[in-house]
Amino acid sequence: MQMRILAVLGLFVLTTCARAGEADRTADVSTNKPPKWESSLAFGLALTSGNSDTLLTTAAFKSRRKSAENEFGFGVDGAYGENNSVKNNETLHGVGQWNHLFTERGYGYFNVEGLHDGIADLQYRFTLGPGAGYYFIKTTNTALAGEFGPSIIFQRLGGVDTSYGSLRLADRFEHKLSAGARVWERAEILPQVTKFENFLVNAEVGAEAALTKTFSLQVTLQDNFVNQPAPGRKDNDVKLISSLVYRF
């Protein structure tokens with residue numbers, strides 16, 4: 001039944017995205033000012049040697065485009081770390097979201113997200129689903145939006161395959177302090193529909209300051225909480241990441 005729902009949702013998203021893209025292309029011809037993709041690459045590296053030999057590398061790619069009717073956002077990031085030659089960090093994460101604005105502030109969305117965390121014994125977790133969102137604040141420098149909708153989760157945790165329906169309640173905030181400087185926050189909670197005590201919480205806060213027109217420094221705090229982790233694993237993972245960012 002869930003596979004049928006996914007197939008219908010996938011067909012709906014592909015069809016609607018194609019129509020949205022065609023609408024954007026039509027608007028682009030009339031205004032001769034196509035919406036621009038804003039992309040960035042971020043790299044982080046930490047090394048210590050002596051009494052403790054540690055290595056931590058992080059990398060992230062993000063891209064987004066906004067028009068009057070549609071907003072697209074994609075991203076992929078990963079981290080790998082060792083402590084005295086023992087692996088202590090191994091993650092790969094990807095996310096994509098499309099928003100279609102029905103009014104200046106109200107929109108519908110479709111979100112897809114995937115995560116691998118070798119240390120947490122999470123082979124994979126895929127989350128996808130539609131929903132509705134609303135911009136409570138939408139100005140040139142500040143945006144605050146809330147989102148709500150159903151999701152389907154497929155995962156292999158601790159070597160066990162499970163799938164279930166969940167709800168998704170999320171918020172997104174961003175504020176530009178000055179040219180090239182900004183702060184942001186994102187958070188979501190996903191409780192299982194039939195078992196509310198089983199839930200996920202993902203949160204991120206960050207700050208960025210420009211060095212030049214294309215390079216900036218970024219500090220990000222990420223928190224991933226799993227109420228029912230794999231056997232022998234902790235329920236909370238926190239990362240504090242400093243990165244050099246290249247924008248293009």
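Strands here are DSSP runs of E with at least two residues, numbered from the N terminus, and two strands pair if DSSP finds at least two bridges between them. This is a predicted model, in which local features need pLDDT of at least 70, side-chain atom pairs count only at pLDDT 80 or more, and totals for chains, interfaces and linings use all residues. Residues are numbered from 1 along each chain as its sequence is written, and side-chain values use heavy atoms, with hydrogens and water left out.

**The barrel**

Twelve of them close into a barrel, running β1-β2-β3-β4-β5-β6-β7-β8-β9-β10-β11-β12 with antiparallel pairing. On average, neighbouring strands of this sheet are turned by 20 degrees against each other, direction ignored; the axes behind such angles are lines fitted to C-alpha atoms.

Select residues 37-48, strand β1. Its antiparallel pairing with β2 (residues 54-66) runs over twelve bridges, and Ala46 has Leu56 in β2 as its bridge partner. β1 is also joined to β12 (residues 236-247) by four bridges, again antiparallel; here Ala42 stands opposite Val245.

Move to β9 (residues 181-192) and β10 (residues 195-210), which pair in the antiparallel sense over eleven bridges. Within this pairing, Arg186 has Glu204 in β10 as its bridge partner.

**Salt bridges**

Now show side chains. The structure holds twelve salt bridges, each a side-chain nitrogen of Lys or Arg within 4 Å of a carboxyl oxygen of Asp or Glu.

Lys62 lies in β2 and Glu204 in β10, so the pair ties together parts that are 142 residues apart in sequence. Are the two partners buried or exposed? With buried meaning under 20% relative accessible area, exposed over 50% and partly exposed in between (1.4 Å probe, protein chains only), Lys62 is partly exposed at 35%, while Glu204 is buried at 12%.

Next, select Glu208 and Arg247, whose side chains meet in a salt bridge at 2.8 Å, N to O. Glu208 belongs to β10 and Arg247 to β12, so this pair ties together parts 39 residues apart in sequence. Glu208 is buried at 5%; Arg247 is partly exposed at 30%.

Then take Arg182 and Glu174, a salt bridge with its closest N and O atoms 3.1 Å apart. Arg182 is buried at 17%, and Glu174 is buried at 15%. To see how these pairs connect, select Glu38, Arg64, Glu174, Arg182, Glu208 and Arg247 together: they are linked in a network of salt bridges.

**Rings**

The charged end of Arg182 sits over the Trp184 ring, 4.3 Å from its centre; the criterion is NZ of Lys or CZ of Arg within 6 Å of the ring centre and within 35 degrees of the ring normal. Lys138 likewise has its charged end over the ring of Tyr135, 4.9 Å from the centre.

Finally, select Phe, Tyr and Trp. A search of the whole structure finds nine aromatic pairs. Rings (for Trp, the six-membered one) pair if their centres lie within 6.5 Å; planes under 30 degrees apart count as stacked, over 60 as edge-to-face and the rest as tilted. One of the pairs, Tyr124 and Phe126, is tilted, at 5.6 Å centre to centre and 35 degrees between the planes. Tyr246 and Phe248 are stacked, at 5.6 Å and 25 degrees.

Definitions and conventions. Axes are lines fitted to C-alpha atoms, for helices over the stretch in contact, and angles run from 0 to 180 degrees between N-to-C directions.
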